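I opened this notebook to record what I looked up in one structure. The entries follow in the order in which I made them.

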Amino acid sequence: MKTSQDPVRDYLSAVEREASALPADRRQELLADLSEHIEVTRAERPDAVIGEILAELGDPRTIAATALAESGTGPAAAPGPAWGGSGEPVRRGKVHPLVPLLMLALAQLFGIAFPDDGGPLVGGLVRITGAVLLCTSVHWTASRKVIGFLLTFGLPSVAMTVWNLSEGGPKGGGPALAANLAVLVLASATAAWLWRVRRV
């Protein structure tokens, strides 16, 4: 009997086979998420046996059944543990994915609309809350959360801090409005991308 030389490839092929009823883009996203999880786990636990890591993920049939049930293209998932990124059962998000995205995309509007009446403070609090909800959400992979956090929170925060602390920065409403609009466009574009790549 022929033994497999690449158990990861065999495992992912089995998931792909079982999930053949999924739309192609959702199936590829599922495989990419599983592959990323395997790579991260191997990096974090270099001494772990690959069979152990794959066993923690769960049976390919169960993973496929869960993905099919979530997408509405298959029957309810079979009993047993489903993949949730760390060998734990899949968690349902308590907060709709649109909530953090709207908070991150629209936080800048407070500063634009009420520049002298506490708008920047309120906008900052909304942005922080949105970033926390994004980072704790189950709707995105870790790498997508990092990208989303950097583009909607990290980069704008650094830019605004440098702007406010700079003595030689441009003065007046025009440049400030242009900077605020640039941050708004960046955050909105990133939120739109996050919405497209979210886990269903």
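I began with contacts, meaning heavy atoms within 4.5 Å. Among those in the protein chain with a separation of 6 or more, 61% join residues 24 or more positions apart. I note that this is a predicted model, in which local features need pLDDT of at least 70, side-chain atom pairs count only at pLDDT 80 or more, and totals for chains, interfaces and linings use all residues. Residues are numbered from 1 along each chain as its sequence is written, and side-chain values use heavy atoms, with hydrogens and water left out.

Next I looked up the elements. I found 8 helices and 0 strands in the protein chain, where helices (H or I, at least four residues) and strands (E, at least two) are DSSP runs numbered from the N terminus. I then looked up burial, where buried means under 20% relative accessible area, exposed over 50% and partly exposed in between, with a 1.4 Å probe and protein chains only. Of the 200 residues in the protein chain, 34% are buried.

I turned to the nonpolar cores, each a set of buried Ala, Val, Leu, Ile, Met, Phe, Trp, Tyr and Cys residues joined through side-chain atoms within 4.5 Å. The largest has 18 residues, and Y11, L12, V15, L30, L34 and I38 have the most contacts inside it. Two or more residues of this core come from each of α1 (7–18), α2 (24–44), α3 (50–57) and α4 (60–71). Another core, of 10 residues, lies apart from it and includes L101, A131, L134 and W140. For V15, leaving out residues up to four places away in sequence, I listed L30, L31, L34, P60, I63 and A64 as the residues it touches.

How do α1 and α2 cross? Their axes, lines fitted to C-alpha atoms over the stretch in contact, come within 10 Å and cross at roughly 155°. Angles run from 0 to 180 degrees between N-to-C directions, and those over 145 count as roughly antiparallel; α1 and α2 are therefore roughly antiparallel to each other. In their contact, V8, L12, V15 and E16 of α1 meet R27, Q28, L30, L31, L34, S35, I38 and R42 of α2.

Last, I looked up T141, in the loop between α6 (119–135) and α7 (142–165). Is T141 buried or exposed? T141 counts as buried because its relative accessibility is 5%. Beyond its neighbours within four places in sequence, T141 is in contact with D33, E36 and R199.

Definitions and conventions. Parallel < 35°, antiparallel > 145°, perpendicular 65-115°, else oblique.
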